[in-house]
Amino acid sequence: MKKNKKINQAFTLIEVLLASFVLEIGLLGIVGFYSYSFQISKIARQETTAANLASGLLDEKLAVSYDNLPIGPGLKTRYSTEEDSPFYDYWQKIDVVYITTELAESTNDTNMKKIVVTIFWPHDGGERSFQTATIKTRH
């Protein structure tokens, strides 16, 4: 004769609560990671935009002849004055100085000019910037 044993295969309330707590902690970590990754992605997009704007401005200045490239600090101005432009929040500053063969700044024309392009944009209540430079020589 066989005995029928009844086996309880259900979870207790404490086991269910503990499992849901562990799952919740894991999900909160994932949500925090996504929030952080969106922030990093936004910063990378802004820096890439700034680098591309600076590169374009530098190319424009390199297209100007050596003698027509004015020396002096530039003014910080908006990259675009159109409010609906994606570049409205970006600012530009272009500085041009004479430099020596040792790359030190000079007040005299040394047949070498350093062009420094800086792009600024607002970020978290402050300001971030990207800067690039090149040298133009007289031919």
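**Loops, strands and a pocket**

Mentor: Let us begin with Asn111, which is partly exposed, with a relative accessible area of 37%. Please keep in mind throughout that this is a predicted model.

Trainee: Okay, where is Asn111 placed?

Mentor: Asn111 belongs to the loop between E3 and E4. Its phi is near 70 degrees, which is a positive value in a residue other than glycine.

Trainee: And Leu103, what is its phi?

Mentor: The phi of Leu103 is also positive, near 70 degrees, and Leu103 is likewise a residue other than glycine. It sits in the loop between E2 and strand E3, residues 105–106.

Trainee: Is Leu103 buried or exposed?

Mentor: Leu103 counts as exposed, because its relative accessibility is 53% and the cut-off for exposed is over 50%.

Trainee: How many residues lie between E2 and E3?

Mentor: There are five residues between E2 and E3, which form a hairpin, and Leu103 is in the turn. The two strands run antiparallel and are joined by two bridges. As an example of facing residues, Tyr98 stands opposite Ser106 in E3.

Trainee: Let me step back. How many helices and strands does the protein have?

Mentor: The protein contains one helix and five strands. Along the sequence they follow the pattern α-β-β-β-β-β. The protein is more spread out than a compact globule, because its radius of gyration is 30 Å, well over the 14 Å that the globule rule gives for 139 residues.

Trainee: What does the C-alpha trace span along its principal axes?

Mentor: The C-alpha trace spans about 110 × 40 × 25 Å along those axes. Buried residues make up 24% of the 139 residues.

Trainee: Where does Ile25 lie?

Mentor: Ile25 lies in helix H1, which covers residues 13–63. With a relative accessibility of 47%, Ile25 counts as partly exposed. From Ile25 to Lys136 the C-alpha to C-alpha distance is 58 Å, and the two are 111 residues apart in sequence.

Trainee: Back to the strands. How many residues of E2 are buried?

Mentor: Seven of the nine residues of E2 are buried, so the strand is mostly covered. E2 also pairs with strand E1, residues 77–78, in the antiparallel sense over two bridges. In that pairing, Arg78 has Trp91 in E2 as its bridge partner.

Trainee: How many bridges join E2 to E4?

Mentor: Eight bridges join E2 to E4, and these strands run antiparallel. Within this pairing, Asp95 stands opposite Val116 in E4. On the E5 strand, the bridge partner of Val116 is Ala133. Val116 can therefore be followed from its place opposite Asp95 to its partner in E5.

Trainee: How do E4 and E5 pair?

Mentor: Strand E4, residues 112–123, and strand E5, residues 126–137, pair in the antiparallel sense over 12 bridges. Their hairpin has two residues between the strands, and Asp124 takes a positive phi near 50 degrees there.

Trainee: Which strand is Lys113 found in?

Mentor: Lys113 is found in strand E4.

Trainee: Buried or exposed, and why?

Mentor: Lys113 is buried, because its relative accessible area is 3% and buried means under 20%.

Trainee: Which residues does Lys113 touch?

Mentor: Not counting residues up to four places away in sequence, Lys113 touches Tyr66, Leu69, Ile71, Val96, Val97, Tyr98, Thr134, Ile135 and Lys136. Asp67 is 46 residues from Lys113 in sequence and 10 Å away in space, C-alpha to C-alpha. For the protein overall, among contacts between residues at least 6 apart in sequence, 48% join residues at least 24 apart.

Trainee: New topic: how much space lies in the largest pocket?

Mentor: About 170 Å³ of space lies in the largest pocket. Its lining residues include Lys61, Leu69, Pro70, Gln92 and Val96. Strand E2, residues 91–99, supplies the largest share of that lining, namely four residues.

Trainee: How do the lining residues divide into nonpolar, polar and charged?

Mentor: The lining of the largest pocket divides into six nonpolar, four polar and two charged residues. Lys61 and Lys93 are both part of this lining.

Terms used:
Residues are numbered from 1 along each chain as its sequence is written. This is a predicted model: local features need pLDDT of at least 70, side-chain atom pairs count only at pLDDT 80 or more; totals for chains, interfaces and linings use all residues. Side-chain values use heavy atoms; hydrogens and water are left out. On a 1 Å grid over the protein atoms alone, a cavity is a set of points where a 1.4 Å probe fits but cannot get out, and a pocket is an open set with protein on both sides within 12 Å along at least five of seven lines; lining residues have an atom within 4 Å of a point. Grid points are joined across faces, edges and corners, and a volume is the space filled by probe spheres set on the points. Ala, Val, Leu, Ile, Met, Phe, Trp, Tyr, Cys and Pro count as nonpolar, Asp, Glu, Lys and Arg as charged, and the others, Gly among them, as polar. The radius of gyration is taken over C-alpha atoms; the globule rule is 2.2 Å times the number of residues to the power 0.38. Buried means under 20% relative accessible area, exposed over 50%, partly exposed in between (1.4 Å probe, protein chains only). Contact means heavy atoms within 4.5 Å.
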